[in-house]
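Here is a short briefing for a first look. Please view the sequence and the 3D structure before reading on.

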Amino acid sequence: MVHPPPQTEWHMEGNWIKNCSCDPGCPCDFNAAPTHHYCEGMVAMEVADGRYGDVSLTGTKWAVTVHFPGPLHEGHGTLQPILDDSTSDEQRDALLAIMSGQSGGTMFQIFAAITETLLEPQFVPIEFEFDMDGRTARFRAGDILETESEPIKNPVTGDEHRALVQLPDGFEYQLAEIALAPTVKSSGGNRFDHRDGHSSLAEVRFSNNN
């Protein structure tokens with residue numbers, strides 16, 4: 001009997017942004033259909049601590065833009081990976097292996113299963129600003145992706161409104177601050193320009209070892 005080679009052990013933890021075309025409070029987190037039926041947006045991570053085998057991933061930054069024509073579980077997604085251009089060749093190989101789902105990790109395996117088209121990765125300078133408590137963030141990847149997050153405002157008083165989503169068994173995050181994404185715009189392989197959408201800000205940990 002032939003056994004497949006063991007997967008390289010890896011983990012990543014750090015700051016996480018998910019900004020998309022849904023209204024704040026993204027229905028996808030509740031297994032409901034996206035606000036506009038389709039889903040377009042991005043996720044990004046700034047790795048505070050990470051390793052893929054002997055390759056350190058600490059300090060790396062990456063993102064993915066997505067387009068799904070309907071609810072995510074129906075598949076047919078188009079994804080484009082974006083990596084900071086300061087990553088080494090070894091880090092790029094490691095991150096792309098993780099993002100492809102081929103190296104395990106529940107979230108990445110799920111996205112691999114619902115992705116129909118994987119676009120060529122882009123390597124550009126990445127700017128990543130993140131304040132989870134303040135519910136603010138800013139992300140820019142060269143000239144191909146930009147987004148920001150700010151607190152949701154009460155429509156009557158203008159006061160900041162705070163909402164948390166807790167998913168104890170979530171494969172993406174367990175606890176997220178919910179914010180407003182004034183803009184999420186991509187001119188890469190996935191092209192979109194959405195205003196006043198959903199934003200999740202979280203601290204996450206992913207691995208292929210529980």
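This is a predicted model: local features need pLDDT of at least 70, side-chain atom pairs count only at pLDDT 80 or more; totals for chains, interfaces and linings use all residues.

Residues are numbered from 1 along each chain as its sequence is written, and side-chain values use heavy atoms, with hydrogens and water left out.

**Aromatic pairs**

- The structure holds eight aromatic pairs. Rings of Phe, Tyr and Trp (its six-membered ring) pair if their centres lie within 6.5 Å; planes under 30 degrees apart count as stacked, over 60 as edge-to-face and the rest as tilted.
- Helices (H or I, at least four residues) and strands (E, at least two) are DSSP runs, numbered from the N terminus.
- Both tryptophan 10 and phenylalanine 108 are buried. Buried means under 20% relative accessible area, exposed over 50%, and partly exposed in between (1.4 Å probe, protein chains only).
- Phenylalanine 128 and phenylalanine 139 also pair edge-to-face, at 5.8 Å centre to centre and 90° between the planes.
- Phenylalanine 128 lies in strand β8 (residues 126-131) and phenylalanine 139 in strand β9 (residues 136-141), so this pair ties together parts eleven residues apart in sequence. Both residues are buried.
- Ring pairs also link Trp10, Trp16, Trp62, Phe108 and Phe206 into a cluster.

**Nonpolar cores**

- The largest nonpolar core has 32 residues. Such a core is a set of buried Ala, Val, Leu, Ile, Met, Phe, Trp, Tyr and Cys residues joined through side-chain atoms within 4.5 Å.
- Met12, Trp16, Met45, Leu57, Trp62, Phe108 and Phe206 have the most contacts inside this core.
- Elements giving two or more residues to this core include β1, β2 (39-52), α1 (89-99) and β14 (175-187).
- A second, separate core of 17 residues includes Ile82, Ala141, Val184 and Phe192.

**Positive phi angles**

- Histidine 76 is not a glycine, yet its phi is positive, at about 65°. Histidine 76 sits in the loop between β4 (61-68) and β5 (77-84), and is partly exposed at 47% relative accessibility.
- Aspartate 196 has a positive phi near 55°. Aspartate 196 belongs to strand β15 (residues 191-207).
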